[in-house]
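I opened a new structure today and kept notes as I went. Here is what I looked up.

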Amino acid sequence: MSNILKSVHSKYSITVLILSIIGSFFIFSCGNDTNSDKNHLIFRYNEHKNIGSLDPAFAKDNADIWAINQLYNGLVQMDSNLNVKPCIAKSWTISEDALTYSFILRKDVNFHKHILFGKDSTRIVKASDFEYSFNRLLDKKLASPGSWTLNKVETFSAVNDTLFQIRLKQAFPAFLGLLTMKYCSVVPKEIVEHYQSDFRSNPIGTGPFHFKRWEENLKLVFRRHSNYFETDNKGNQLPYLEAVAITFLPDKQSEFLQFAQGNIDFVSGLDASYKDEILTASGDLRSSYVNDVTMIRGPYLNTEYLAFFMDTELPELQSVLLRKAINYGFDRQKMMTYLRNGIGIPANGGFIPKGLPGYNDSIGFSYQPEKAKQLMERFKIETGITHPEITITTTSNYLSFCEYIQRELQKIGIAVDVDVIPAATLKDAKANGKLDLFRASWVADYPDAENYLSLYYSKNFAPNGPNYTHFKSEVFDQWYEDAFKITDTKSRELLYTKMDSLVMAKTPVVPLFYDEVVRFTRKEVIGLGINPINLLDLKRVKKVIN
């Protein structure tokens, strides 16, 4: 028995036995699809959220994006350091006015095989395929949730088979980053129009793996694309794996137990059901897992925070003194250690998360309880409110964080109630200005700080935009608009930091922590990197037999 299984709590033993049987069945059934002699070349993972579609036009949720990333490519792609790199477009140029983008396509990119392609069962991707794919993305009948990615585009066209041009309505420095999103993947017209809505379950793309079999909510299998165009730095064709097999166990505890038994190769994220089992309080792997498991962690473009509704009628929250006192009044490092086993970065900077250009760790708030108390004394003198009371609205998933803040703020003289409501209710209430103080998070849609700063632009007031706090500053608005005109990367980053600093001075939010991607893999898995957008990229993954 492995060290991992010895370490699994005895209370799980019956579940482990049941899942062992499930796991054995899964491996056997996958072998029928992927050649059981090559099981060491199959990458297996579980998706506890069901996959809704394998059509890139609907690549909205992480579960869908991970699967779709194995099947499709776009003009450009993002590396692990958030640099935009060539993909189907081997190069590109940008006009001096930063409005026209000209992409030169590779001539060796083939769609996955399908009988509808005719004699050769495949064909080369042409610029007209991108023209079709982008038009499809904008088609109101399709109603793609990704149509917004082209909001700043005026026109696009295939000039010839290998030249695709896009013209913007206004300069937008983050545009190349937008094009890396899976919404902008290329799809073949003849296949899409044949399957129509059923293209969701009959996908044909250009990616490193092609679709093999999908039993919805049970199993999804991809096979290696033998004619894939990308190679490693030694000229070896990618991908290395023979297949990808995805199961759909519905809860994270079951997923972890399958991982502990070696029936899946990878788990992502840290769930309360197993965090203390695998990690110490300081965030290190427990000794019983060190020989069998590798942990990878790094910044994730996600800021977790509390938000004040700046148009509130509640006098307590109208005061910048009280809002600053809250920011100074609790220990973020202690919060992360005890509630997240050290996974996550205490948000002592601004709203822009660590890992994104524009982040600065000196513009936010550190734990200073005495300063918080002094601010509260000033608040009481200026307002006459001697017993301030506030309510934090949250979902059950973040109750422990809000209760921790509740206890800490009581020490500086603020009485805090915590109201727990369903996620859908909170989403609607914050969009319509019905909550004075609520917990929220913002995950980057694209890797540019403008995406975070858009939450404070006055023309983005919710419900018509993401400015849920109704923060308003004419200076900020001018800087925000100026940022679109700055093409020099470093100058734009400095302006982003200045904008973030202005926001923090006005305190419409209480940044809690910047999330981290944490991944656990079996020791035999190598080459599975990590990136701040938490994209699963399997084309360079190998499995070695010890």
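The entries below go topic by topic.

**Ground rules.** This is a predicted model, so I kept local features to pLDDT of at least 70 and side-chain atom pairs to pLDDT 80 or more, while totals for chains, interfaces and linings use all residues. Residues are numbered from 1 along each chain as its sequence is written, and side-chain values use heavy atoms, with hydrogens and water left out.

**Aromatic rings.** I paired rings of Phe, Tyr and Trp (its six-membered ring) if their centres lie within 6.5 Å; planes under 30 degrees apart are stacked, over 60 edge-to-face, the rest tilted. The count came to 34 aromatic pairs. One of them is Tyr228 with Phe229, a tilted pair at 4.7 Å centre to centre and 45 degrees between the planes. I checked burial too: buried means under 20% relative accessible area, exposed over 50%, partly exposed in between, with a 1.4 Å probe and protein chains only. Tyr228 and Phe229 are both buried. Ring pairs also link a cluster that includes Trp148, Phe172, Tyr305, Phe351 and Phe484.

**Charges over rings.** I took a charge as sitting over a ring if NZ of Lys or CZ of Arg is within 6 Å of the ring centre and within 35 degrees of the ring normal. Lys430 lies over the face of Tyr468, 4.7 Å from the ring centre. The charged end of Lys498 sits over the ring of Trp479, at 4.5 Å from its centre.

Helices (H or I, at least four residues) and strands (E, at least two) are DSSP runs, numbered from the N terminus.

**Cysteines.** How many disulfides does the structure hold? I looked for pairs of cysteine sulfur atoms within 2.5 Å, and found zero disulfides. For Cys87, the nearest cysteine sulfur is that of Cys184, 12 Å away. Cys87 counts as buried because its relative accessibility is 4%. Cys184 is buried as well, at 2%.

**Cores.** A nonpolar core is a set of buried Ala, Val, Leu, Ile, Met, Phe, Trp, Tyr and Cys residues joined through side-chain atoms within 4.5 Å. The largest has 141 residues, and those touching the most other members include Leu75, Phe134, Phe222 and Phe476. Another core lies apart from it, with 14 residues, among them Phe259 and Val518.

**His210.** I found His210 in strand β8 (residues 209-215). At 26% relative accessible area, His210 is partly exposed. Contact means heavy atoms within 4.5 Å. Leaving aside neighbours within four places in sequence, His210 is in contact with Leu71, His112, Phe222, Arg223, Arg224 and His225.

**Backbone notes.** The peptide bond from Leu238 to Pro239 is cis, with omega near -5 degrees. Pro239 lies in the loop between β9 (219-224) and β10 (243-247). Ala462 and Pro463 are also joined by a cis peptide bond, omega about 10 degrees. Thr507 has a positive phi of about 50 degrees although it is not a glycine. Thr507 is buried, at 0% relative accessible area.
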